[in-house]
Structure formats: C-alpha cells, structure tokens
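Please look through the sequence and the model before reading on. The paragraphs that follow move from the chain as a whole to single residues.

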Amino acid sequence: MTTALITIVAVIGFGIITGTITMIMVFKLLRNNKQKQHFRKSILTEGIPAEAVIHDITQTSSSMDGRPGVRLDLTVTQVDGRTFPTIVETYIPVTHIPQFQKGNVIHVRYIVNGNERKVEVEDAYVP
C-alpha cells in the first residue's frame, strides 16, 4: 500500500470516529434537555402551589423562543407558613415582565426531592 492510500484511509477513519462521537454527544444533550423540560412541566402540573417574594431579578444572556432568560432570587412561603430561599432560572414572556419586579409576589409550584426543593414559576415559559 502506498502512503497516500494509508493517509486517505486514516483520514476517513478519523472522520468516521469523530463524526460518531459528535452525534452521540448531540443525541445525549437533546435527550437530557427533553428530560429536563419534562421534569419542569411535571413540577408545574403536580407540584405544591405556593407564593414567592422576588428579592432580585437578573437577566441572563440566554433566551428561548424570543423570551428572555432570568434568574430569580425568591423566598417561597409554603402552605404551612414556613419559608425557604431559592434561585430559579427560567424564561418569561415579554408581556409578563411587569409582574416580575423586585418585591412582587408571584405564584410558584414546588416538589420536595430528598432534602432539596425544586421550584418552578407558574407564569414562566416552558416549551
């Protein structure tokens, strides 16, 4: 075999291997994102309703379907009156921005997952 043929076979083999690895990583990322979105939706449908006070709101550099990403620093008040702090990253429709101001009370839902609570904002955007 000539060196040119060996080089061509090596380049093709390398391309196939890197292409396969890239495709596996893309499919894993898509599957994880789908599972995360499903989990968020299940919190909104099955979670315990509560109210939360916004202590801080910061826009993130991300957006989804034209909705800005925000980081909300919240204190959630449970039905029994106990409170807990949390930070939620979510997307809000532009028409709901006036509701999401420092000091405002918003509706959330949460679930208890071990020692941690997962919180989702009811008026947030979930695709």
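A residue is called buried when its relative accessible area is under 20%, exposed when that area is over 50%, and partly exposed in between. By this criterion, 27% of the 127 residues of the protein chain count as buried. The model is a predicted one, and the values discussed here should be read with that in mind.

The protein chain contains 1 helix and 5 strands, and if one reads along the sequence these elements follow the pattern α-β-β-β-β-β. The radius of gyration is 22 Å, well over the 14 Å that the globule rule gives for 127 residues, so the protein chain is more spread out than a compact globule. In terms of extent along the principal axes, the C-alpha atoms fill a box of roughly 80 × 30 × 20 Å.

Several totals for the whole chain complete this picture. Among the contacts in the protein chain with a separation of 6 or more, 56% are between residues 24 or more positions apart. The accessible surface comes to about 8,600 Å², and carbon and sulfur atoms account for 60% of that area.

Between Gln35 and Ile97, which are 62 residues apart along the chain, the C-alpha atoms are separated by 27 Å.

Although Asp65 is not a glycine, its phi is positive, at about 55 degrees. With a relative accessibility of 52%, Asp65 counts as exposed, because the cut-off for that class is over 50%.

Strand 3, which spans residues 83–91, is the place of Thr86. Is Thr86 buried or exposed? Its relative accessibility is 14%, and therefore Thr86 counts as buried. When residues up to four places away in sequence are set aside, Thr86 touches Leu72, Asp73, Leu74, Val76 and Val119.

Finally, the structure holds 1 aromatic pair. The partners are Phe84 and Tyr110, whose arrangement is edge-to-face, with 5.5 Å from centre to centre and 70 degrees between the planes. Because Phe84 lies in strand 3 and Tyr110 in strand 4 (residues 105–113), the pair ties together parts that are 26 residues apart in sequence. Both Phe84 and Tyr110 are buried.

Conventions. Residues numbered from 1 in each chain as written. Predicted model: local features only at pLDDT ≥ 70, side-chain atom pairs only at ≥ 80, totals over all residues. Heavy atoms only, no water. Helix = DSSP H or I, 4+ residues; strand = E, 2+ residues; numbered from the N terminus. Rg over C-alpha atoms; globule rule 2.2 N^0.38 Å. Buried < 20%, exposed > 50% of the residue type's maximum accessible area, 1.4 Å probe, protein only. Contact = heavy atoms within 4.5 Å. Areas by Shrake-Rupley, 256 points an atom, 1.4 Å probe, with all protein chains shown as cover. Phe/Tyr/Trp six-rings, centres within 6.5 Å; stacked < 30°, edge-to-face > 60°.
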